[in-house]
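Hi everyone, thanks for coming. Please take a look at the screen, and then I'll walk you through what I'd like to show you.

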Amino acid sequence: MTELTNVTLARLDAAVATPSYDHSQLTPGIVHIGVGGFHRAHQAMYLDALMNRGEALDWAIIGVGVMPGDTRMRDALAAQDHLYTLVVKHPDGRYEPRVIGSLIDYLFAPDDPEAVIEAMSDPAIRIVSLTVTEGGYNIDPANGEYDLATPDVRHDLASPQTPRTTFGLVIAALQRRRERGIAPFTVMSCDNIEGNGDVARKMFTAHARALDAELGAWVEAEVSFPNAMVDRITPVTTPADCQALAERFGVADQWPVVCEPFTQWVLEDHFSLGRPPYERVGVQMVEDVVPYELMKLRLLNASHQALTYFGYLAGYRYAHEVCQDPLFVEFLLDYMRLEATPTLSPVPGVDLADYRQTLIERFANPEIKDTLARLCAESSDRIPKWLLPVIREQLARGGDIHRSAAVVASWARYAEGVDEQGEPIEVVDRLKERLMTVAGDNRNYPAAFIEQHALFGDLAKETRFRDAYLQALASLHADGARATLHALVEGRMS
């Protein structure tokens, strides 16, 4: 067994690809906040691919952790010289391991916010990137604005030199660069949010403006926030993944990453201080990411929601199990073709019929073992961003919404906290208590769930949606998930 470090790279199994560059000679150009599995399987992987071509050696990544639980990532990476193994899992059972070296340091902000601010203030840092999750942008769900009332934001506004939040850290660094006459870095969001760059601009500018109106105006005018669409299924690393890496390839890695073969990154080419030549390793650099973004959010992300609650209620626990079931596949393809696709604009260079079929094949990869529990988590951040826009656009155009309404009903049924076998469901959501309380009364007051205005707005007043939702929820209670899907694919709910 070989512990993964710079010193041991040459001793690894020949089947494990290793950096062709000298990891110790890299210099930083990017600070990344939120170093989780997805970042390490995606953005860091693309940069590593460039470095293996002998390019972008001055664009290495300094990782930053902001959450208390990020100490585990800090310690795992530090023990391995910030190297880690990315394992691509192919549907035929083949594993493709590769050591990624584009990350060169990791800072834990709660221990030393000044170190993080100073790192981002370095003129060498030209991009600050983010994967802080859909719920990490501090959006007030009641009005869509930056929430100034949270305790950590209030702390940051009162003590801007010792910030606790991503917003406080980034704005402190931008303010310092401004004072020193250093041009601002680009802020690059890599999160699954529609218009992620635009959202980031709005939230960071709002934080800056709350500190100082002139600073806020400067951030809005001078800082670039490109939009991006990112895609790669990256399930949570399990102990079994670590064991498989050790047994198959003799690598002892404290926190490897596993992912599917497919990867995509569509990125607007709006960078104020330059960027790595991402297009040379497959990134699509475009002027407008919106068509690609909507395609992904409404077909891939919303389809995950369409399969996960129904699948969990029916007794499945993994995405690949659901997508090897012909009934679920037919339902998903019908949702994508008849409800989601009509809301999309043309997507340059993409055949949407092929894209839909590819999604099913990706979901069905048995090696990924993406848990439905993961896909069910934080629904109150996901459904409003991924699925409800489809419903609203279809209502406006007179299109079908029965499948989308049924997905919302399956979420409400899931939030009751018990599956169809009587087993308890561990609901993971920032609004868990409220949602479970409301869902607990689904049988007596079935419309209460969609009357949560902070999540659904006025959708409950839309008769077509309300009727379709109530019909699907009644079917889920009376007949169960499979029977409800049969009724939907057979056209008996319309």
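Let me start with a term: on a 1 Å grid over the protein atoms alone, a cavity is a set of points where a 1.4 Å probe fits but cannot get out, and lining residues have an atom within 4 Å of a point. What you see is a predicted model, where local features need pLDDT of at least 70, side-chain atom pairs count only at pLDDT 80 or more, and totals for chains, interfaces and linings use all residues. Residues are numbered from 1 along each chain as its sequence is written, and side-chain values use heavy atoms, leaving out hydrogens and water.

So, which residues line the largest cavity? They are Ile 233, His 304, Ala 319, His 320, Arg 362, Phe 363, Asn 365, Ile 368, Lys 369 and Asp 370.

Now the two domains, with bounds from an automatic or database domain assignment. Domain 1 covers 2-287 and domain 2 covers 290-490. Contact between them, meaning heavy atoms within 4.5 Å, takes 30 residues from domain 1 and 26 residues from domain 2. Together they bury about 2,300 Å², 58% of it on carbon and sulfur atoms; that is accessible area (1.4 Å probe) lost on putting the two parts together, summed over both.

Last, salt bridges: a side-chain nitrogen of Lys or Arg within 4 Å of a carboxyl oxygen of Asp or Glu. The interface of domain 1 and domain 2 has 2 of them.

Terms used. On a 1 Å grid over the protein atoms alone, a cavity is a set of points where a 1.4 Å probe fits but cannot get out, and a pocket is an open set with protein on both sides within 12 Å along at least five of seven lines; lining residues have an atom within 4 Å of a point.
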